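Please look through the structure shown here.

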Amino acid sequence: MKRFAALFTALDRTTRTNAKIAALAAYFTDAPEPDRLWTVALLSGRRPRRAVTTTRLREWAAERAGLPLWLFEECYPVVGDLAETIALVLPQATGTGTASLSERMAEIAALAQMDEPARKARILAAWDSLDGTERFLFNKLITGGFRVGVSQTLMTRALARATGIAEADLAHRLMGDWTPATTTWAALIEAPDPAAALSRPYPFYLAYQIEGDPQALGDPADWCAEYKWDGIRGQLIVRGGTHFLWSRGEELMTDRFPELAQARDFLPPGTVIDGEILGWADDRPLPFAALQKRITRKSLSKRLLAEAPVMLKAYDLLEEGGTDLRPRPLAQRRARLEALFARLPDRSPLRLSPLLPFADWAALAETRAAARAAGAEGVMLKRAAAPYLAGRKKGDWWKWKLDPLTVDAVMIYAQAGHGRRATLYTDFTFAVWDGADLVPFTKAYSGLTDAEFREITAWVRKNTLQRFGPVRQVRPEHVFEIAFEGIQQSPRHKSGIALRFPRMARWRRDKPPAEANTLDDLRALLASHG
Amino acid sequence: MSVLTFTERGIFCPAGNFFIDPWAPVDRALITHGHSDHARPGHRRYLATAPAAPVIRHRLGGIALDTIGYGERRRIGDSLVSFHPAGHVPGSAQIRIEVAGEVWVVSGDYKTEADGLSEPFEPVRAHAFVSECTFGLPVFNWAPQAQVLAEIDAWWAANAAEGRFSLLGAYALGKAQRLLAGVNTGIGPILTHGAIEATCAVMRAQGIALPPTVPVTPETDLKAHAGALALAPPSALGGPWARRFGTAATGLASGWMALRGVRRRRGADRGFVLSDHADWAGLNEAIRETGAERVFVTHGYTTVFRRWLADQGHDAEIVRTAFEGETLDSAEDAP
Ligand SMILES: [Zn+2]
Ligand SMILES: [Zn+2]
């Protein structure tokens with residue numbers, strides 16, 4: 001695992017994209033093929049299943065380090081990462097492990113079959129033979145939490161440099177449902193594979209939020225506009241008599257949305273559609289929470305299916321008759337999509353996401369302002385002449401979301417963050433006034449700069465009223481503007497309200513706590529936007 | 001009457017009527033070392049070791065400062081005091097107070113590994129020991145200094161080979177000079193930020209040998225020093241001072257760099273785990289060697305460290321300081 005640890009260290013030490021790509025490309029050139037495959041798997045989020053509970057790991061690590069368990073537990077929140085805490089407290093290694101990454105992964109896979117004493121012996125032996133980074137990585141791998149600051153795009157670029165295969169081609173190959181157990185480096189990266197090709201989705205094209213207003217985009221006639229729906233982006237594939245539904249996160253969601261199986265009856269084989277899955281009833285989208293149940297519930301009851309029926313709003317046609325349409329201009333793809341959909345019956349769970357005609361930018365601004373009434377969160381702008389690209393790219397696609405809703409709220413609890421932010425108080429609970437009481441209504445952990453987090457952390461330490469485990473109740477002194485995308489009724493929350501995507505938009509140093517918003521203000525927002 | 005009491009102004013010796021490292025103005029202050037959380041302005045009389053005095057004067061200006069040699073015994077009121085090397089920075093001391101045969105020692109900040117620059121730490125037998133515990137958790141285990149310096153040298157040499165500057169953040173008093181004295185000066189020239197150069201000048205004037213450095217001023221021709229190591233306080237790394245060096249490699253030398261989360265959050269390319277405080281083993285060893293029955297812990301992970309000591313059979317208590325115990329964020333930029 002030394003070679004892999006060296007790669008990890010090189011990636012961890014730099015923030016420069018080029019240095020990361022160079023380190024990865026070198027690895028993909030000279031590491032053994034099984035290790036390369038595992039690295040691709042890990043960097044594309046294909047983590048091994050957790051082989052042992054973290055409770056046992058904590059106990060074993062404390063025991064091996066000669067520490068009482070309570071002391072180990074005190075270290076964990078300071079370090080912010082279990083794998084690292086274990087690596088740091090253990091005594092120095094007594095031997096040197098020579099197993100490669102793939103050999104280690106095989107060993108980890110075998111842990112699942114062992115009884116607990118054998119499993120413990122294996123893990124202790126590994127700890128004794130690994131030092132520093134290798135030990136940390138081993139712990140990451142057995143806890144199933146491996147992450148490193150390398151995006152899939154960046155990894156793909158490095159793979160392209162190492163193999164000479166085009167980036168787009170590689171991105172396509174890496175999608176889908178493979179694991180290192182089901183394929184090889186040669187099969188995944190190098191050889192053509194028709195079976196995998198059947199289910200393989202295209203990389204999603206993602207838009208950036210537009211900065212300011214769209215005047216700078218030039219002639220409105222060059223652009224198509226449509227609603228930006230607040231659902232789950234999905235890619236529906238109909239090939240070879242079967243169908244697949246992929247999420248943007250490359251998860252296969254086919255089983256979650258059985259309604260869409262009908263697509264096989266309506267669409268010819270060799271069709272791939274990019275669209276948005278929405279909960280849909282009475283000709284408008286249901287709140288996102290309804291859709292969320294469809295993903296999170298273990299089984300889909302009849303009742304749930306009836307409560308939250310879904311609809312795929314189609315944006316784009318990526319493949320028709322087995323031909324990749326992505327290089328063609330959007331205008332052409334859209335015309336073909338419309339022709340295809342003209343033949344669909346009314347009962348089809350597939351609908352076109354309508355184009356929004358606009359004569360000038362001012363007219364589009366008006367359409368955008370009314371988007372919430374249509375159940376959308378803004379509009380999308382796509383250049384009519386643009387091909388369908390892969391990943392997040394600037395230039396041809398822009399999202400123009402509505403300004404978020406906001407309330408001013410008082411911070412009442414603080415909790416330390418995780419990982420990189422474990423030494424800072426970053427997770428806060430906010431409250432609004434209900435008469436003379438402060439009622440908590442949301443948590444937020446993003447939106448401040450590192451400097452602001454440092455400042456608030458110092459303040460939290462000096463202004464703690466009470467501690468509840470890792471949570472500190474703080475003096476209700478600071479007001480923050482909380483921005484969010486949606487508001488819903490929620491019996492599970494004390495305030496009766498739940499927010500979607502809450503974050504700290506601004507630290508309102510100018511506002512005394514007494515001037516924060518009230519629960520009635522929130523209820524009014526719920527009535528108008530819920 | 002206890003030899004030492006813990007008051008709102010700091011640690012107080014009733015028999016000698018003096019304070020140790022007080023944080024509010026007092027009549028007589030015994031100072032362990034020149035870091036700003038120990039040597040504060042506003043006291044009427046100061047006492048510190050002779051090698052600590054120049055920096056304290058440099059920082060606090062015209063104060064009434066008396067000096068004392070290491071090991072020299074001095075009677076103050078009904079107490080007998082002496083200063084003993086703490087190994088933290090040049091001149092730093094533990095302070096031993098004896099009253100009617102009862103001995104208490106206040107550690108100040110200390111580290112147990114000899115750094116080649118500071119007077120090496122000497123354990124002092126005591127009935128009661130007041131110990132810092134900045135790094136009082138078992139996750140802090142320092143590698144030998146030689147190994148860390150070798151990592152820094154390798155990093156510097158690799159950057160120099162690419163024609164890049166190596167910007168290394170280190171606290172201006174102590175850490176910076178320890179690095180100067182320890183790195184391989186054959187790799188290239190060493191540039192300094194004004195805050196560091198000022199401390200170096202004070203130390204050179206008192207006879208501490210440091211390699212030559214080039215202070216960076218607005219007029220300095222940086223191109224003439226390509227591949228140099230540039231030492232700066234950590235806070236200067238993200239500022240306009242650092243921008244002059246172009247796409248330099250950046251590093252930080254601090255005990256907190258042992259934590260990956262801190263390393264990443266601080267936004268430097270490299271974190272070198274080099275501390276002027278004792279690590280977990282060092283703290284435990286130092287406490288053991290004092291033979292103290294009572295241990296008071298201060299500065300750091302006091303709650304946890306006290307409980308650990310109590311588990312080990314010590315009579316352990318916490319001393320509150322003006323600031324709440326956890327020092328991670330304040331201490332990253334401070335001693
Ligand atoms: Zn200190
Ligand atoms: Zn200090």
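## Basis

This is a predicted model, in which local features need pLDDT of at least 70, side-chain atom pairs count only at pLDDT 80 or more, and totals for chains, interfaces and linings use all residues. Residues are numbered from 1 along each chain as its sequence is written, chains are lettered from A and ligands numbered from 1 in the order in which they are written, and side-chain values use heavy atoms, leaving out hydrogens and water.

Helices (H or I, at least four residues) and strands (E, at least two) are DSSP runs, numbered from the N terminus. Two strands pair if DSSP finds at least two bridges between them.

## The mixed sheet

In chain B, six strands make an open sheet in the order 1-2-3-4-5-6, with mixed pairing. Its edges are strand 1 (5-7) and strand 6 (65-68) of chain B, each pairing on one side only. On average, neighbouring strands of this sheet are turned by 30° against each other, direction ignored.

Strand 4 (residues 28-30) and strand 5 (residues 45-49) of chain B run parallel and are joined by three bridges. Leu30(B) stands opposite Leu47(B) of strand 5. Helix 1 (residues 53-60) of chain B lies across strand 5 and strand 6, running at about 165° to strand 6. Angles run from 0 to 180 degrees between N-to-C directions, with axes fitted to C-alpha atoms, for helices over the stretch in contact; contact means heavy atoms within 4.5 Å.

## The parallel sheet

Another open sheet of six strands in chain B has the order 14-13-15-12-16-17 and parallel pairing. Strand 14 (214-215) and strand 17 (270-272) of chain B are its edge strands.

Three bridges join strand 16 (residues 249-253) to strand 17 of chain B, and Leu252(B) stands opposite Gly271(B) in strand 17. Helix 4 (residues 194-205) of chain B packs on the sheet, where it touches strand 13 (190-192), strand 14 and strand 15 (229-232). The direction of helix 4 makes about 100° with that of strand 13 of chain B.
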